[in-house]
Amino acid sequence: MHDALSLVVGPGAIGRLLALSLQGAADRQPAARLLGRRLLPDRQWLTRPDGEQRWVDIATVVEPQLAVQDIKLVHLTTKSWATMEAFETLAPHLPADTPLVLWQNGLRVQHPLTERWTGPVLCASTTEGAYVVDNDHVVHAGHGQTVIGHLGGGHTELAEEIARQLSGAGLAATAVDDIEVRLWHKLVVNAAINPLVARFRILNGQLRDSPWRERVEATLAELDALMQALDIPPPASLTSRPWHDLVWQVIERTAANRASMLQDLEASRPTEYDAILGPLREAARTADIATPELDQRWQELDQRAAD
């Protein structure tokens, strides 16, 4: 796996950050390839959070049957709503034992794909911040942390090897045996941040200011009650407000980032509002917990999707 060629499917901000980081760490040796709907420049800028810039030569492909040649690992970084289609397009061309890593927000595709694919399926959850500028420039806006693991706790060695590969590429990663809990943690982060910054078209860091700070706090109160009802273990914290600490730490680390949902709205693309807010609202209804803030965010984004 150390020298394996990885295919990154879905050249959005996180997909390109992943591919460029892997390729940049490998220097001239092929380490990553991008698969998308259209060809991208073969040379792209990567700007790190410290301001360092470098060109990275990266191969992009639009034909799945060509994209999978010599591939040992597939990272699916498509949006949640596009993942099943991408998987069904790619799967017939993949060896049946090829490992997949799912990077989607929310909790819509992880269980179905884990059950459907014949090879190992790992899930990744990341707080890395990134955005694309002018189609040939990826800005790594803030260092985060990635956790990776199998929903059933298996494939430990594979998860550890991929985590080492990511860390070696400058994307700090850890293999975990409780990835489903971590996905719920990421769902809380996304639900508290993404819909608000998308609605008001602001950077993550602006959530620290009034009136958005109050909206974040109100949303966190709902999410705290819901996570308790679902018996989801909270993240480690030195205070009595672990969910509050988790979300505000991410906001601080990614203050300069343009959240993925905001980037989608600005580009007139579908958003992942269903994958992020849908499971939470469904769980809240089952637990008979009121979530007026989440409901308002849903209604705002659902109306935009309908327009």
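I began with T146, which lies in strand 11 (residues 146–149). Strands here are DSSP runs of E with at least two residues, helices are runs of H or I with at least four, and both are numbered from the N terminus. This is a predicted model, where local features need pLDDT of at least 70, side-chain atom pairs count only at pLDDT 80 or more, and totals for chains, interfaces and linings use all residues. Residues are numbered from 1 along each chain as its sequence is written, and side-chain values use heavy atoms, with hydrogens and water left out.

**T146.** Is T146 buried or exposed? T146 counts as buried, because its relative accessibility is 1% (buried is under 20% relative accessible area, exposed over 50%, partly exposed in between, with a 1.4 Å probe and protein chains only). I then looked up its side chain and found a polar contact of 2.7 Å with the side chain of T126. A polar contact is a pair of N or O atoms within 3.5 Å; within protein, one must be able to donate a hydrogen and the other to accept it, and residues adjacent in sequence count only if both atoms are side-chain atoms. Leaving out residues up to four places away in sequence, T146 touches W103, A124, S125, T126, E128, L166, A172, A173 and T174 (contact means heavy atoms within 4.5 Å).

**H75.** Next I went to H75, in strand 6 (residues 71–76). H75 counts as buried because its relative accessibility is 0%. Which side chain does H75 join in a polar contact of 3.0 Å? The partner is W103. With residues up to four places away in sequence not counted, the residues that H75 touches include S6, L7, V101, W103 and I162. I noted that W103 is also among the residues that T146 touches.

**Helix 6 and helix 11.** I turned to helix packing. Helix 6 (residues 179–200) packs on helix 11 (residues 292–306) at about 45°, with axes 10 Å apart. That angle makes helix 6 oblique to helix 11 (under 35 degrees is roughly parallel, over 145 roughly antiparallel, 65 to 115 roughly perpendicular, the rest oblique). Helix 6 contributes A191, P195, L196 and R199 to the contact, and helix 11 contributes L294, R297, E300, L301 and R304.

**Helix 7 and helix 11.** Last, I checked helix 7 (residues 212–229). Its axis comes within 8 Å of that of helix 11, and the two cross at roughly 115°. Helix 7 and helix 11 are therefore roughly perpendicular to each other. R215, A218, T219, E222 and L223 of helix 7 meet P292, E293, L294 and R297 of helix 11.

How values were computed:
Axes are lines fitted to C-alpha atoms, for helices over the stretch in contact, and angles run from 0 to 180 degrees between N-to-C directions.
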